2 protein chains.
Amino acid sequence: MKGTLLYGPGDVRCEEVPEPKILKPTDAIIRLSASCICGSDLWPFRGFNEVTEPLAMGHEYCGIVEEVGSDVKSVKPGQFVVGSFCLSDNTCPHCRFGFQSSCEQREFMQGAQAPLARVPLADGTLVATAELPPDDLIPHLLAVSDVLGTGWYAADAARVQPGSTVAVVGDGAVGLMGVLSASQLGAERIIVMSRHQTRQQLAREFGATDIVTERGEEGIARIRELTEGVGADAVLECVGTEQSMKQAVYAARPGAMIGYVGVPHGVTFDGQELFFAQRGLLGGPAPVRRFLPDLMDRVLERKIAPGKVFDLELPLDEVAEGYRAMDERRAIKVLLKTS
Amino acid sequence: MKGTLLYGPGDVRCEEVPEPKILKPTDAIIRLSASCICGSDLWPFRGFNEVTEPLAMGHEYCGIVEEVGSDVKSVKPGQFVVGSFCLSDNTCPHCRFGFQSSCEQREFMQGAQAPLARVPLADGTLVATAELPPDDLIPHLLAVSDVLGTGWYAADAARVQPGSTVAVVGDGAVGLMGVLSASQLGAERIIVMSRHQTRQQLAREFGATDIVTERGEEGIARIRELTEGVGADAVLECVGTEQSMKQAVYAARPGAMIGYVGVPHGVTFDGQELFFAQRGLLGGPAPVRRFLPDLMDRVLERKIAPGKVFDLELPLDEVAEGYRAMDERRAIKVLLKTS
């Protein structure tokens with residue numbers, strides 16, 4: 001079959017790879033209904049992470065179960081499933097505490113930019129729908145697997161409440177999903193930092209009430225102005241750079257939590273500064289599994305349409321163009337047609 | 001009157017100072033029923049903070065209102081009051097959000113190691129009792145002003161829940177109050193890091209179920225062992241050094257919050273490490289005012305006896321010996337008799 005391999009910075013290829021096989025009795029093989037490219041795929045693509053051997057790319061997925069290992073009990077061939085990019089047993093103490101992304105057996109999904117993928121820990125990871133969903137819902141269900149689940153976790157970690165004023169740092173796909181999540185959680189006011197018109201428009205569709213185009217100190221000042229000098233009740237940090245984190249910390253009011261889901265690169269916090277600023281932090285890889293049933297229901301009931309975040313669809317063999325389009329910010333998020 | 005001044009590292013003196021006066025119409029003057037020395041007083045005493053002019057020491061207080069400024073409405077002369085070490089108007093947006101320690105008008109109390117003290121922002125800061133409390137409750141009410149309020153905030157920020165397993169880093173007065181607070185909040189298991197027998201004993205009186213005498217990596221390993229490899233549901237960091245913070249972070253389970261109330265000295269956090277460890281942080285100067293009415297009630301109803309933390313009583317003119325006793329860890333916390 002065709003699959004996606006990253007050979008090094010800027011060098012991603014769709015090429016012939018072996019079909020995945022059941023390697024452990026807890027594995028499942030799924031046939032992907034669609035796949036996509038994640039903002040985090042750009043870190044190695046941009047050379048921020050060393051690539052020592054070709055990486056099988058792709059960790060967002062939904063599709064039909066083809067085959068299951070002998071220990072798999074909760075899903076069976078023919079069912080439509082969505083899984084998290086973090087693979088988890090969903091039974092260990094960390095999973096039971098709602099932090100499946102720190103599962104004792106945690107693995108990260110890989111090789112999902114392909115028509116078939118192996119899903120380890122299938123019982124703990126996959127959630128099946130009652131029936132096969134209609135085709136038009138596929139992009140929305142795919143979005144649940146990571147990008148929406150991550151935005152949702154940011155809002156959850158930031159403790160967005162009904163009536164909250166929320167600031168979202170980052171207008172990438174995760175930031176936009178953060179806007180949608182905050183809106184679903186009842187935020188009254190959602191301020192998003194964005195200077196790209198198409199992203200601003202989508203942010204508004206997802207529930208943003210205010211757009212801040214300024215960055216850095218000016219962006220912070222603008223958010224403080226919009227909140228009458230107070231700062232936001234909850235902040236979602238969806239980028240991961242030093243500058244974006246600083247904006248997040250100072251866009252927040254004292255006592256607010258910052259839910260941060262952009263993988264931090266070059267970010268440090270000074271303990272005493274954070275102490276006197278009195279801002280709270282909770283982040284990490286999103287425990288999407290915790291939110292999966294609820295988010296799938298919201299999609300199936302057509303309450304949310306997170307798949308609008310895909311603004312470019314490409315066939316799998318054009319995956320390299322997809323990476324370039326996202327890298328150059330020509331596309332927010334690229335959906336890959338795998339069949 | 002006599003008052004306490006810090007001239008430089010190791011040089012604290014009880015000497016003649018002018019009596020405090022109402023300087024603003026929002027001030028009150030109180031006659032202290034007792035005062036005490038705070039662990040944070042040791043930072044400048046130990047030379048960690050530069051002292052450019054003599055500092056009027058003391059920020060924990062309770063006593064009888066002597067005089068109030070013309071704008072003060074909520075307390076009157078003759079009433080017994082307790083106030084927070086953080087002075088706040090209790091009406092600004094930060095106060096209403098429960099973070100009075102970030103009040104827009106915030107000041108820090110000073111000069112309370114003396115028989116009389118000026119309390120700015122009296123209406124927002126002071127809470128009066130219905131009647132004059134019996135003498136034996138004075139130490140317990142005094143403890144509410146900072147040390148208990150701070151331990152309570154650590155437990156609140158760490159989100160201690162009924163049934164939680166809690167780890168407390170630090171067996172100083174604040175750590176011990178953290179134990180008491182966690183116990184009051186329903187923690188099922190309270191692990192305290194302590195290698196001092198008298199402090200261990202007091203910790204047990206306050207509700208500690210397990211004592212860890214190891215420090216550093218070994219201390220972390222011991223807490224993980226006690227929690228079957230999981231880590232604590234909530235961690236209270238009550239020291240503020242790099243080592244203690246590290247212990248706090250790694251004593252916590254993924255998804256846990258660390259409530260940190262020891263003023264960080266030389267502490268930095270690596271964003272990516274914290275991200276993948278998935279530990280949450282919230283700290284800062286405690287918004288004691290939020291908890292004051294509840295904590296005063298618990299004392300007045302004799303549900304808690306936080307004043308047990310005072311294991312040395314000295315007359316005010318022996319304040320220097322009090323600092324030395326705490327600095328050398330001969331005393332946990334020193335109560336100063338101000339009359």
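Let me begin with chain A, whose domain assignment gives domain 1, comprising 2-148 + 286-337, and domain 2, comprising 151-283. Please bear in mind throughout that this is a predicted model.

How far apart do the C-alpha centres of domain 1 and domain 2 of chain A lie? The separation is 26 Å. To the contact between them, domain 1 of chain A contributes 16 residues, and domain 2 of chain A likewise contributes 16 residues. On the side of domain 1 of chain A that touches domain 2 of chain A, the elements giving two or more residues are α4 (138-157) and α10 (288-300) of chain A. That side of domain 1 of chain A, sorted by class, holds twelve nonpolar, two polar and two charged residues.

I turn now to a helix pair in chain A. Helix α5 (residues 173-184) of chain A and helix α6 (residues 197-206) of chain A have axes that come within 8 Å and cross at roughly 20 degrees. With angles under 35 degrees counted as roughly parallel, α5(A) and α6(A) are therefore roughly parallel to each other. Their crossing is right-handed. From α5(A), the residues Leu176(A), Val179(A), Leu180(A) and Ser183(A) meet Arg199(A), Leu202(A), Ala203(A) and Phe206(A) of α6(A). The contact of α5(A) with α6(A) comprises six nonpolar, one polar and one charged residues.

Next, the helices of chain B. Helix α4 (residues 138-157) of chain B packs with helix α10 (residues 288-300) of chain B at an angle of about 130 degrees, and the two axes are 9 Å apart. This angle makes α4(B) oblique to α10(B). The crossing of α4(B) and α10(B) is right-handed. Which residues of α10(B) meet α4(B)? They are Val288(B), Phe291(B), Leu292(B), Leu295(B), Met296(B) and Val299(B). Their counterparts in α4(B) include His140(B), Leu141(B), Val144(B), Asp146(B) and Trp152(B). Counted by class, the contact of α4(B) with α10(B) has ten nonpolar, four polar and one charged residues.

Helix α4(B) also takes part in a second pairing. Its axis and that of helix α5 (residues 173-184) of chain B come within 7 Å, crossing at roughly 60 degrees. Helices α4(B) and α5(B) are therefore oblique to each other, and their crossing is right-handed. The α4(B) side of this contact consists of Val147(B), Leu148(B), Thr150(B), Gly151(B), Trp152(B), Ala154(B) and Ala155(B). On the α5(B) side are Ala173(B), Val174(B), Met177(B), Gly178(B), Leu180(B), Ser181(B) and Ala182(B). By class, the contact of α4(B) with α5(B) has ten nonpolar and four polar residues, with no charged residues.

Finally, I come to the relation between the chains. What rotation superposes chain B on chain A? It is a rotation of 180 degrees, with 0.0 Å of shift along its axis and an RMSD of 0.0 Å. That is the relation of a two-fold axis.

As for the interface itself, 28 residues of chain B are in contact with 28 residues of chain A. The elements of chain B that give two or more residues to this side are α2 (93-96), β15 (252-260), β16 (268-270), α9 (271-277) and β17 (280-283). By class, the side of chain B that touches chain A has 14 nonpolar, twelve polar and two charged residues. Why may one say that the copies meet through the same surface? The reason is that 100% of the interface residues of chain B are also interface residues in chain A.

Methods:
Residues numbered from 1 in each chain as written. Chains lettered and ligands numbered in written order. Predicted model: local features only at pLDDT ≥ 70, side-chain atom pairs only at ≥ 80, totals over all residues. Axes fitted to C-alpha atoms, helices over the stretch in contact; angles between N-to-C directions. Helix = DSSP H or I, 4+ residues; strand = E, 2+ residues; numbered from the N terminus. Parallel < 35°, antiparallel > 145°, perpendicular 65-115°, else oblique. Left-handed = near helix turned anticlockwise from the far one by under 90°. Contact = placed C-beta atoms within 7 Å. Nonpolar A, V, L, I, M, F, W, Y, C, P; charged D, E, K, R; others polar. Least-squares fit on C-alpha atoms with pLDDT ≥ 70 in both. Domains from an automatic or database assignment.
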